[in-house]
Protein chains: 2
Amino acid sequence: MDAVQDEAAGKRARGLDRAFEILDFLRQKRQALKPNEIAAQIGAPRSSVYELVNLLLSNGILEFTGGEGRVYLGRKLYFLGAAYENHFDFTRECEATLERLADETRETAQFCMLDGNRYTVVRMREGARPFRISTDVGQSVPIPWTASGRLLVAHLADEEILSFIPPQDFRLPGGEWLEPQTFIAEVRQAEREGLFTFNSIVDSFTHCFAVPVRGEEGHAAATLCLVTPRDDGIANRDRYLDCLKKAAAGLEHAPARPRRG
Amino acid sequence: MDAVQDEAAGKRARGLDRAFEILDFLRQKRQALKPNEIAAQIGAPRSSVYELVNLLLSNGILEFTGGEGRVYLGRKLYFLGAAYENHFDFTRECEATLERLADETRETAQFCMLDGNRYTVVRMREGARPFRISTDVGQSVPIPWTASGRLLVAHLADEEILSFIPPQDFRLPGGEWLEPQTFIAEVRQAEREGLFTFNSIVDSFTHCFAVPVRGEEGHAAATLCLVTPRDDGIANRDRYLDCLKKAAAGLEHAPARPRRG
DNA sequence: TGTTTTTGTCCGCTATATTGTACATATGAT
DNA sequence: ATCATATGTACAATATAGCGGACAAAAACA
């Protein structure tokens, strides 16, 4: 149900792709799993998964943890990720910006990016009255479900957007179908206005504000968002958007800019 | 010169291993490289490297950056690393501990772990008088070059240590040969005393203090270190070791302990 | 200008990685 | 006790991934 890139069914999968499918799956699940469970849930041959898991274990990409032969992401991935973070040094500025945003607005502030063809919250700072946010940090969710999603694909042509986003991602969490043309219209509107806001699709009590953080190529490399109770959001709309835009402007020097090279 | 696990020469390498060899190599180099350069420097067939690099690019494991077709570690790795960090939630406590250590001693404090069969500085807090530390955060260096190395392998049997550490890693940076038996003796001493200190092998002006941070299995999952000017180190030895031990004790509840599962 | 090096693509051969199947245990349900 | 399910291992068949080598464009150099 989740197989992202099954070019053609019934073909032999490449080890590398399978391996990263396993890693991504563990990330989504956010818990250690047995090889057997992994195989069953991603719909891959058991023998292949066992072979790959053992390979990844011996490389430190996966680790035994949680007992019973369960495996989870390994330390080597942490090191590689740290090297990435170090190279594109956005973390420090990002953290400070979120802190300031949360201080100014008392609302929950998020820094979001694309994760492949989905959306993910990279960093989050809870507001004064924390409430249960529906999307956790690090979880990938369909692009059309989010305000930021409208901004993150705005640099693509219409057809590119349609082929980029998995079709099933236009099915909203409640089960309704979001017409792709409607989505595209919202993307273009967001692009023109340099922002997008709406009552969250994922829950029924929050309002979301998103503004782009533009990278070197001029399109949205990330977004800054506020997630607020609906009343607060409506009441403070102008001020919140102002805070967001100032914050984004401050970030646009830092993110996705390599330190050397 | 760096091929870590060449079981037998002249054999066909598995794509997965090659891929992670590429990733590790980029991490070591800490800069974007062209596929051609990668192939040449790791001694792999060009056609294979091109194929793998393109695969990794399409998965977001690698990214184009630095122009001229150069590639570096990609965003996906950052996400996977963040998931690891989130699961084994040691970062927050670790950062606070290093801060406190640096405050108490005014010296450079480090949190170190094994990276496969080598040693790496995971996090560092510079002291009051920062000086050029010879090993940067994220760089892997041979285990025998470091004080922490004595502690990190102490849970292994003698023969296990010898087969775990690449033989060439006993050649010290100055060119001298460290007799493995000498190293083992130091390991056992470190194990008994629960600490290791020496004048750095890597440079000629620092003294290093290391204490273990024990994980669930009771052996050193990580180390805390101080890197000091030699005079300072000798003069404050007892106090520094005391600070380190207290800090390590404080960490031993947190690190390498999964949040759930 | 001509020459060499660097960089990227393409293609056929074959060693082998992926996979289905079978087997062996452990665990749990009835 | 009997059956069903979950879990890990072993192995052979074959689709294919990795490799060497050829080709060409571009860049560096003379």
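A: A residue counts as near a molecule or strand if one of its heavy atoms lies within 4 Å of it. The model is predicted, so to speak of local features requires pLDDT of at least 70, and side-chain atom pairs count only at pLDDT 80 or more, while totals for chains, interfaces and linings use all residues. Residues are numbered from 1 along each chain as its sequence is written, chains are lettered from A and ligands numbered from 1 in the order in which they are written, and side-chain values use heavy atoms, with hydrogens and water left out.

Sugar or phosphate accounts for 52% of the atoms of DNA strand D within 4 Å of the protein, and the rest belong to bases.

Which elements supply this surface? At least two residues each come from helix 2 (35-42) and helix 3 of chain A, and from helix 1 and helix 3 of chain B. Helices are DSSP runs of H or I with at least four residues, strands are runs of E with at least two, and both are numbered from the N terminus. By class, the surface near DNA strand D has four nonpolar, five polar and nine charged residues. Here Ala, Val, Leu, Ile, Met, Phe, Trp, Tyr, Cys and Pro count as nonpolar, Asp, Glu, Lys and Arg as charged, and the others, Gly among them, as polar.

An N or O atom in the side chain of R12(A) is 2.9 Å from a sugar or linking oxygen of DNA strand D. Phosphate oxygens of DNA strand D lie 3.3 Å from a polar side-chain atom of R14(A) and 3.1 Å from one of K34(A).

DNA strand C may be set beside this picture. It too is surrounded by 18 residues, the closest being R12(A), G15(A), S48(A), R46(B) and Y50(B). Of its atoms that come within 4 Å of the protein, 55% are sugar and phosphate. Its surface has four nonpolar, five polar and nine charged residues. A polar side-chain atom of S48(A) is 2.4 Å from a phosphate oxygen of DNA strand C.

With copies superposed by least squares on the C-alpha atoms of residues with pLDDT of at least 70 in both, chain B can be laid on chain A with an RMSD of 0.1 Å by a turn of 180° and a shift of 0.0 Å along the axis. That is the relation of a two-fold axis. In chain B, the C-alpha of G81(B) is nearest the axis, at 2.3 Å.

Key. Polar contact = N/O pair within 3.5 Å; in protein donor to acceptor, adjacent residues only side chain to side chain.
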